[in-house]
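Me: I would like to go through this model with you. Could we take it one topic at a time?

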Amino acid sequence: SSAGLSAYRVLVLGAPGVGKSSLIGQFMTSEYLHAYDTSIGLRLPRDTKFYSNSNESTQKEAHFWKYLIITDDESGERSVCVLLAGEESEITFLDSPPEHVISEGCAHGYCVVYSTADRGSFAEAERRLQALWAAGHTARRAVILVANKADLARSRLVPTDEGKSLATSYECKFIETSVGINHNVDELLVGLLTQIRLKQQHA
Ligand code: GDP
C-alpha cells in the first residue's frame with residue numbers, strides 16, 4: 001500500500017549551464033546510510049538504497065532523511081524519497097520541461113535556478129519568476145529562487161542582495177547554493193519540501 005506517501009512534482013527551470021542537472025543529481029546522492037533507525041517505521045521498497053544527508057545538524061533538527069527509490073533516465077525524470085518531520089514524500093524532478101508543461105500549472109513546486117557568475121542567467125530567472133507570478137502559481141505553489149555556483153567567489157557577478165530582493169519582489173523563497181562544494185543542497189531540498197507542504201495545507 002502506498003497510503004501515507006505523498007508524491008510531488010517539481011519543475012527545475014533556468015538558463016543552460018547554471019547547474020540544474022548537477023543540482024538534481026546531487027539531490028539523488030548522499031553518503032550511504034549505515035545506521036538505520038527501524039523505529040521510524042519506514043516502508044522498505046525492494047532494492048531501496050538508503051542515504052542520509054551529509055549535514056548532521058539538518059538531520060537532527062529536521063529529522064531529515066532521503067533515499068533513492070526511482071531513477072528513470074529515459075523519461076528524464078528523477079525521483080527521490082524524503083522523510084522529513086516524520087512524514088514521507090516522493091519528489092520527482094523535471095529538468096527544463098517543455099513550455100506547455102510549465103504553463104499547465106500542475107507542478108507542486110518550482111526551482112528557478114541562476115548562476116551567480118552569469119548575469120544573463122539572472123535575467124532569465126527574472127523572466128521565469130515574472131511568468132510564474134503572473135500565472136498565479138507563486139501564490140499557490142512552492143517557488144524557490146536558487147542562486148547556484150556560490151563557490152565561484154572571484155567570478156561572482158550577481159550579489160546575494162540582488163537575488164534576495166528579486167525573490168522578495170516576486171514573493172518567493174531564496175537560497176544560495178553550490179553543487180560544486182555541496183553547500184546548501186540538502187537545505188534546498190528540505191526548504192522545497194517544507195514549502196510544498198505548507199502550500200498544500202492552504203490550497
Ligand atoms: P544545466 O545546463 O543547468 O543542467 O547545468 P549543468 O548541471 O550541466 O552544469 C553546467 C556546468 O556547471 C557543469 O560543468 C557543472 O559541473 C558546473 N556546475 C554546476 N554547479 C556548480 C557549482 O555550484 N559550482 C561550480 N563551480 N560549477 C558548477
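Me: Leaving aside its neighbours within four places in sequence, which residues is V112 in contact with?
Reply: V112 is in contact with L13, G14, A125, R128, L129, V143, L145 and V146. Two residues are in contact here if their C-beta atoms, placed from the backbone, lie within 7 Å.

Me: Before going on, what is the source of the coordinates, and how are residues numbered?
Reply: This is a predicted model, in which local features need pLDDT of at least 70 and side-chain atom pairs count only at pLDDT 80 or more, while totals for chains, interfaces and linings use all residues. Residues are numbered from 1 along each chain as its sequence is written.

Me: Which residues have the most contacts inside the largest nonpolar core?
Reply: They are V10, V112, I144 and L145, in a core of 45 residues. A nonpolar core is a set of buried Ala, Val, Leu, Ile, Met, Phe, Trp, Tyr and Cys residues joined through C-beta atoms within 7 Å. Helix α7 (residues 185-201) gives the most to this core, with 7 residues. Helices (H or I, at least four residues) and strands (E, at least two) are DSSP runs, numbered from the N terminus.

Me: Take L188, then. Buried or exposed?
Reply: L188, which lies in helix α7, counts as buried because it has 23 C-beta neighbours inside 10 Å. The cut-offs are 20 or more other C-beta atoms within 10 Å for buried, 12 or fewer for exposed, and partly exposed in between, with C-beta atoms placed from the backbone.

Me: And what does L188 touch, not counting residues up to four places away in sequence?
Reply: L188 touches I144, V146, I175 and T177. From L188 to F174 the C-alpha to C-alpha distance is 9.3 Å, and the two are 14 residues apart in sequence.

Me: What does β8 pair with?
Reply: Strand β7 (residues 109-115) pairs with β8 in the parallel sense over 7 bridges, and V113 stands opposite V146. Strand β8 (residues 142-148) also runs parallel to strand β9 (residues 173-176), joined by 4 bridges. Two strands pair if DSSP finds at least two bridges between them. Towards β9, K173 is the bridge partner of I144, and I175 stands opposite V146.

Me: Changing topic: how many residues surround the ligand?
Reply: There are 15, and the closest are G19, K20, S21, S22 and G180. A residue counts as near if its C-beta atom, placed from the backbone, lies within 6 Å of the molecule. Helix α1 (residues 20-27) gives the most to this shell, with 3 residues.

Me: One more on the hairpin of β5 and β6. How many residues lie between the strands?
Reply: There are 2 residues between them, and A85 takes a positive phi near 50°. Strand β5 (residues 77-84) and strand β6 (residues 87-95) pair in the antiparallel sense over 8 bridges, with S89 the bridge partner of V82.
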